[in-house]
Amino acid sequence: MTDSDDVPGRNTLIEFGLFALIALLMLADLAADAASAQVDAPHLVVEGLIMIAAGAGAVRLWGSVLSARESVRALGGRLEAARADARRWEEEARDALAGLGAAIERQFVAWDLTPAERAVGVLLLKGLSHKEAAGERQTSERTVRQQALAVYRKAGVRSRAELSAFFLRGLPLVAAIAPTGIEPVSPP
């Protein structure tokens, strides 16, 4: 990360300042040249065009700064709304998640999983890769892979997807994925 990366729009502000400075210096030079009788009209026109171009660049960059700041504010608002939505969902689902966690733990015990296999099983159900689970468990990826295979064997499944499906297949269909006109159903 460079020093300029830590402040959003810092480079753009510097560029704006440089364009504005060029425009002001060109204006001062143009005024001095216009007061002198020794400068011809084409020279004044060229300097005037340079001044106008620098001023236009400064205005455009200032617009970019304002637009970027508005985008950052909007993203901040959306991020906060997403965080609030996640907190609300966690609060609403807390009891259900606790019950699901207890049910998963009971099933892991019924499958006679070791404590390490149970820990790996939970991490797999949470969607962590073998590498990520190894980092969480502070062990090698090979160890996690072997423990995952033991979980699958003891559970009578062949993959992480089948392991997840074992615990999720009893959930009722939600209205968002149920076919139109059919009420959500629970499996028998």
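Student: Leaving aside neighbours within four places in sequence, which residues is Gln147 in contact with?

Tutor: Contact means heavy atoms within 4.5 Å. Once the neighbours within four places are set aside, Gln147 touches Ala116, Glu117, Val120 and Arg137. This is a predicted model, where local features need pLDDT of at least 70 and side-chain atom pairs count only at pLDDT 80 or more, while totals for chains, interfaces and linings use all residues. Residues are numbered from 1 along each chain as its sequence is written, and side-chain values use heavy atoms, with hydrogens and water left out.

Student: In which helix does Gln147 lie?

Tutor: Helices here are DSSP runs of H or I with at least four residues, strands are runs of E with at least two, and both are numbered from the N terminus. Gln147 belongs to α5.

Student: Is Gln147 buried or exposed?

Tutor: Relative accessible area decides: under 20% is buried, over 50% exposed, and in between partly exposed (1.4 Å probe, protein chains only). Gln147 has 14%, so it is buried.

Student: How many of the 188 residues, as a percentage, count as buried?

Tutor: The figure for the protein is 20%.

Student: What does the secondary structure come to?

Tutor: Six helices and zero strands. Read from the N terminus, the order is α-α-α-α-α-α. For contacts between residues at least 6 apart in sequence, 49% join residues at least 24 apart.

Student: Which residues of α3 and α6 meet?

Tutor: From α3 come Gly121, Leu124 and Leu125; from α6 come Arg160, Leu163, Ser164 and Phe167. By class, this contact holds four nonpolar residues, two polar and one charged. Ala, Val, Leu, Ile, Met, Phe, Trp, Tyr, Cys and Pro count as nonpolar, Asp, Glu, Lys and Arg as charged, and the others, Gly among them, as polar.

Student: At what angle do α3 and α6 pack?

Tutor: Axes are lines fitted to C-alpha atoms, for helices over the stretch in contact, and angles run from 0 to 180 degrees between N-to-C directions. Here the angle is about 90°, and the axes are 10 Å apart. So α3 is roughly perpendicular to α6 (65 to 115 degrees; under 35 is roughly parallel, over 145 roughly antiparallel, the rest oblique).

Student: What separates the C-alpha atoms of Ala103 and Phe167?

Tutor: The separation is 8.8 Å, for residues 64 apart along the chain. Ala103 sits in α2. Its relative accessible area is 29%, so Ala103 is partly exposed.

Student: What volume does the largest pocket have?

Tutor: A pocket, on a 1 Å grid over the protein atoms alone, is an open set of points with protein on both sides within 12 Å along at least five of seven lines; lining residues have an atom within 4 Å of a point. The largest has about 310 Å³. Its lining includes Leu97, Ile104, Val122, Ser164 and Phe167.

Student: Which helix gives the most to that lining?

Tutor: α2 does, with five residues. α2, α3 and α6 (160-168) each supply at least two. By class, the lining has seven nonpolar, two polar and two charged residues.

Student: Which loop holds Asp112?

Tutor: The one between α2 (41-110) and α3 (115-125). Asp112 is not a glycine, yet its phi is positive, about 65°. Asp112 is exposed, at 59% relative accessible area.

Student: What about the phi of Gln138?

Tutor: Gln138 has a positive phi of about 55°, again without being a glycine. Its loop runs between α4 (130-137) and α5 (141-155). Gln138 is exposed, with a relative accessible area of 75%.

How values were computed
On a 1 Å grid over the protein atoms alone, a cavity is a set of points where a 1.4 Å probe fits but cannot get out, and a pocket is an open set with protein on both sides within 12 Å along at least five of seven lines; lining residues have an atom within 4 Å of a point. Grid points are joined across faces, edges and corners, and a volume is the space filled by probe spheres set on the points.
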